[in-house]
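Welcome! Take a moment to look over the sequence and the model, and then we will walk through them topic by topic.

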Amino acid sequence: RMTRQMMMLLHSAGLIPEKAELIDGVLREKMPQTIQHIKGIRKSQFAVVNVFGQELVYTQTPLITDDYGEPEPDLYVLRHETEEKPRIEEACLVME
């Protein structure tokens, strides 16, 4: 299984494509998005921002799950602002 640290080293060396994410120690290529998927994310983002505020809502950005995972969910909401890469423990809502 690949760790997040291994993934970051390979990425900085240019050996991992941009459209990849680490899930349970496996590097997976991200699927292309359909227009329906894009519209769904935008509508969800608008609704969630109205409830939680823009500062706590993240879209398609890394969320650390453990040493073997850093997926990029469609949308997630943090309980509080953070200066570090967000961790799953800090999220109160995750949508994929």
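In what order do the elements of the protein chain run from the N terminus on? They run α-β-β-α-β-β-β, which gives two helices and five strands in the protein chain. Here helices (H or I, at least four residues) and strands (E, at least two) are DSSP runs, numbered from the N terminus. Please keep in mind that this is a predicted model, in which local features need pLDDT of at least 70 and side-chain atom pairs count only at pLDDT 80 or more, while totals for chains, interfaces and linings use all residues. Residues are numbered from 1 along each chain as its sequence is written, and side-chain values use heavy atoms, with hydrogens and water left out.

**The chain as a whole**

- The C-alpha atoms of the protein chain fill a box of roughly 40 × 30 × 20 Å, taken along the principal axes.
- Of the 96 residues of the protein chain, 32% count as buried. Buried means under 20% relative accessible area, exposed means over 50%, and partly exposed lies in between (1.4 Å probe, protein chains only).
- Take the contacts between residues at least 6 apart in sequence: 36% of them join residues at least 24 apart. A contact means heavy atoms within 4.5 Å.

**Around helix α1**

- T3 sits in the segment before α1. T3 counts as partly exposed because its relative accessible area is 21%.
- A polar atom of the T3 side chain lies 3.1 Å from the backbone nitrogen of M6.
- Not counting residues up to four places away in sequence, T3 touches L22, D67 and Y68.
- T3 and L78 are 75 residues apart along the chain, and their C-alpha atoms are separated by 24 Å.
- S12 belongs to helix α1. Its relative accessibility is 60%, so S12 counts as exposed.
- The side chain of S12 has a polar atom 2.9 Å from the backbone oxygen of L9.

- Strands β1 and β2 (residues 26-29) run antiparallel and are joined by four bridges. Two strands pair if DSSP finds at least two bridges between them.
- Which residue of β2 is the bridge partner of A20? The partner is E29.
- The hairpin of β1 and β2 has two residues between the strands. D24 is placed in that loop, and its phi is near 50°, a positive value in a residue other than glycine.
- Q60 also has a positive phi, of about 50°, although Q60 is not a glycine. Look for Q60 in the loop between β3 (57-59) and β4 (75-78).
- Q60 has a relative accessible area of 31%, so Q60 is partly exposed.

- E70 lies in the loop between β3 and β4. Is E70 buried or exposed? E70 is buried, because its relative accessible area is 5%.
- The side chains of E70 and K85 are joined by a polar contact of 2.5 Å.
- Leaving aside neighbours within four places in sequence, E70 is in contact with several residues, among them R4, M7, E21, L22 and K85.

- Rolling a probe the size of a water molecule over the atoms shows where empty space is left. On a 1 Å grid over the protein atoms alone, with a 1.4 Å probe, a pocket is an open set of points with protein on both sides within 12 Å along at least five of seven lines; lining residues have an atom within 4 Å of a point.
- The largest pocket holds about 290 Å³ of space. A volume is the space filled by probe spheres set on the points, and grid points are joined across faces, edges and corners.
- Residues lining the largest pocket include K19, E29, H37, Q60 and E96.
- By class, the lining of the largest pocket has two nonpolar, three polar and seven charged residues. Ala, Val, Leu, Ile, Met, Phe, Trp, Tyr, Cys and Pro count as nonpolar, Asp, Glu, Lys and Arg as charged, and the others, Gly among them, as polar.
- The second largest pocket holds about 180 Å³ of space. Its lining has 14 residues, of which M7, M8, H11, A20 and E72 lie nearest its centre. The elements that give two or more residues to this lining are α1 (4-12) and β1 (20-23).
- The lining of the second largest pocket divides into eight nonpolar, one polar and five charged residues.

Definitions and conventions:
A polar contact is a pair of N or O atoms within 3.5 Å; within protein, one must be able to donate a hydrogen and the other to accept it, and residues adjacent in sequence count only if both atoms are side-chain atoms.
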